[in-house]
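Please examine the sequence and the model shown below.

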Amino acid sequence: MATSLRELSRDRILNEMVRTITPEASNGWKALIVDQDSLRVISACCGMFDIMEEKVTVVEKIDNPRQRLPNLEAIYFLTPTAQSIDLLINDFKKKSSPHYLAIHLFLTSKLPEVEFKKLSASLAVHRIKTFKEINLEFLAIESQSFHFDQNNTLFQLFSPDSIDPTEEQAKIATRLVSLCVSLNECPIIRFSRSHPVSAMIAGFTQEKLDNVMRTVKAFKPNDDRSTLLILDRTQDPLAPLIHEFSYQAMVYDLFDIENDKFSFDTVTNAGATLKKDVLLGETDYMWAGLRHQHIADVSTNLTTRLDEFLKTNQVSQYGQHTGSLKEAGEVVRSLPQYQEMMGKYSVHINLADRASAKFPELEQLAYLEQDLATGEDANGNSPKNVTGRLSNYLSDFSAEKYNKIRLLMMYIISQDGIKEEDRRRLMEMAGISQSEQNAFTNLRYLGVTLMKGAKGKKPISPPKNRKSESGNVPYEVSRYVPVVKDIAENIINETLPSTDFPFVKEEPIARSTNAPVSKVSLKGKSKQPRWADPNVQVEETKYSGSKLIIFVIGGMTFSEMRSIYELSSHYKKNIYIGSTNILLPKKYIDQLLTLKNE
């Protein structure tokens with residue numbers, strides 16, 4: 001299995017920060033003060049229990065009103081911004097009434113010179129017992145996925161109205177370096193020529209990484225150097241639009257899930273309805289095992305595993321197969337003696353049932369989307385009657401407006417533009433307003449050709465050596481393979497052309513590899529989910545060898561994340577994917593609207 005980013009980040013927070021501070025006067029007890037960004041870094045990989053267990057009496061945000069604790073030392077875990085440093089200084093502006101007894105300052109990245117001078121000239125400097133820049137400025141949201149929580153990068157980096165993108169580019173580079181340092185890597189950096197922003201950020205990252213190598217003597221990176229490949233959203237502007245029917249992607253697309261929290265109503269044994277909130281994340285081993293499964297397989301696997309659980313625990317009154325998710329839900333509610341385990345089943349049975357119920361209304365749309373995205377039907381032939389099927393859907397008054405926008409954008413992208421009169425006719429047919437049409441026009445800033453026959457920059461595509469697998473596809477609605485997957489697989493097999501994906505520095509000497517070169521399918525029949533009771537120890541071999549880090553500027557999709565996990569499993573290689581943010585379809589369209597108002 002791959003080395004987990006979440007575990008690595010959690011261990012660094014505990015071992016390099018929290019556990020190193022053990023004030024004798026308070027028997028090891030201390031306070032922890034955070035800002036909004038550093039709190040997100042902690043929350044992505046640690047539970048509050050993990051922190052409190054290390055003799056932390058209180059965790060408080062630095063911008064909130066706080067009770068003075070002048071007899072307690074405090075860990076300040078902050079991002080090195082002017083605002084956070086000013087708030088720290090403010091806590092100690094009165095020499096006679098400090099907020100805390102002492103300061104143990106840990107910064108997520110390097111403190112700028114101007115802030116260092118400001119801090120040095122303040123009264124707070126006399127209270128500082130610890131000062132450390134720990135290079136931890138990314139959210140390790142999953143074992144092999146991370147992002148920077150920068151949710152406006154499409155505008156800041158791709159809009160012609162963006163005033164100065166340099167600050168945002170430098171921030172991304174700083175955070176990429178913090179990731180590399182956390183992984184103990186000084187990677188070979190490559191980038192895509194698809195858009196100038198990739199080259200700029202690759203250059204900034206190399207510069208900052210070189211500076212770390214020069215100035216941080218304690219940094220001893222791995223000898224077997226990793227590769228950091230920097231891409232951007234222009235590489236595949238279609239991926240965020242398509243309906244994906246794997247469990248994780250589908251529920252985040254269709255339901256209102258904020259900060260990974262899913263809220264639903266559940267019925268108790270007494271018939272009462274209660275509102276329940278659950279977090280969707282890797283702390284739930286069922287979620288980790290199911291998230292990349294097709295929704296049809298999730299339903300089957302849940303009922304199968306529930307049957308196995310009932311049989312193993314000799315629940316005699318349920319000797320027969322539960323059959324459907326509805327029946328499974330009834331079983332769960334009737335077994336309060338297995339409350340914890342049944343609670344996990346209840347969450348996923350409820351969520352999978354809701355998602356499955358949405359499929360019939362999306363089925364025909366999904367077939368058309370797949371035909372457009374792949375350029376062929378499920379049999380590998382040219383799709384038939386695309387224009388007619390498109391017109392039928394766009395003119396359907398019962399179809400959701402956002403789905404019409406997504407489909408029409410996909411049509412324009414897949415056809416390399418359409419005629420002006422066709423565009424006007426289809427927009428009118430779909431009932432798309434003049435202001436909404438800005439989102440379509442703004443696709444050009446992501447390299448999309450809007451007008452048929454117009455001369456535009458041809459998108460850079462990696463070699464595709466994968467044979468057609470149309471005969472082996474169990475789900476016709478899951479045929480599309482993200483471009484990021486093809487790029488990653490080419491770099492693994494050392495077939496990614498350096499003309500389109502150059503090195504920031506000189507190309508290294510090619511190293512021999514015994515890695516398999518067969519292309520791995522993202523389409524094949526899903527296997528049983530890899531979940532297991534955490535109380536049962538299962539020994540898994542950690543992957544070794546050089547790492548691969550894929551970074552997508554402008555947002556990554558859940559389908560792209562899934563594809564990286566599958567490649568990692570197939571090649572037994574540590575592969576990670578990260579981005580400025582996670583990009584959901586609605587958010588993508590909303591951000592396209594803001595790129596420029598015509």
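In strand 12, Gly578 is the bridge partner of Phe146. Strands (E, at least two residues) and helices (H or I, at least four) are DSSP runs, numbered from the N terminus. The structure is a predicted model, in which local features need pLDDT of at least 70 and side-chain atom pairs count only at pLDDT 80 or more, while totals for chains, interfaces and linings use all residues. Residues are numbered from 1 along each chain as its sequence is written, and side-chain values use heavy atoms, with hydrogens and water left out.

Strand 6 and strand 12 (residues 575-579) run parallel and are joined by three bridges. Two strands pair if DSSP finds at least two bridges between them. In general, strands of a sheet pair through backbone hydrogen bonds, either parallel or antiparallel. Here, five strands in the order 6-12-11-8-7 form an open sheet with parallel pairing. Its edge strands, strand 6 (145-147) and strand 7 (188-191), each pair on one side only. On average, neighbouring strands of this sheet are turned by 20° against each other, direction ignored. Helix 19 (residues 558-571) packs on the sheet and touches strand 6, strand 11 (548-553) and strand 12; contact means heavy atoms within 4.5 Å. The direction of helix 19 makes about 165° with that of strand 12. Such angles run from 0 to 180 degrees between N-to-C directions, and axes are lines fitted to C-alpha atoms, for helices over the stretch in contact.

A further open sheet of five strands has the order 2-1-3-4-5, again with parallel pairing. Strand 2 (56-61) and strand 5 (128-133) stand at its edges with a single partner strand each, so one side of each has no neighbour in the sheet. The twist from one strand to the next averages 15°. Strand 4 (residues 103-107) runs parallel to strand 5, and five bridges join them. His104 has Thr130 as its bridge partner in strand 5.

Turning to the helices, helix 14 (residues 386-394) and helix 15 (residues 401-414) pack at an angle of about 160°, with their axes 10 Å apart. The two helices are therefore roughly antiparallel to each other, a term for angles over 145 degrees. The contact involves Val386, Thr387, Leu390, Tyr393 and Leu394 of helix 14, together with Asn403, Lys404, Leu407, Leu408 and Tyr411 of helix 15.

How values were computed
Parallel < 35°, antiparallel > 145°, perpendicular 65-115°, else oblique.
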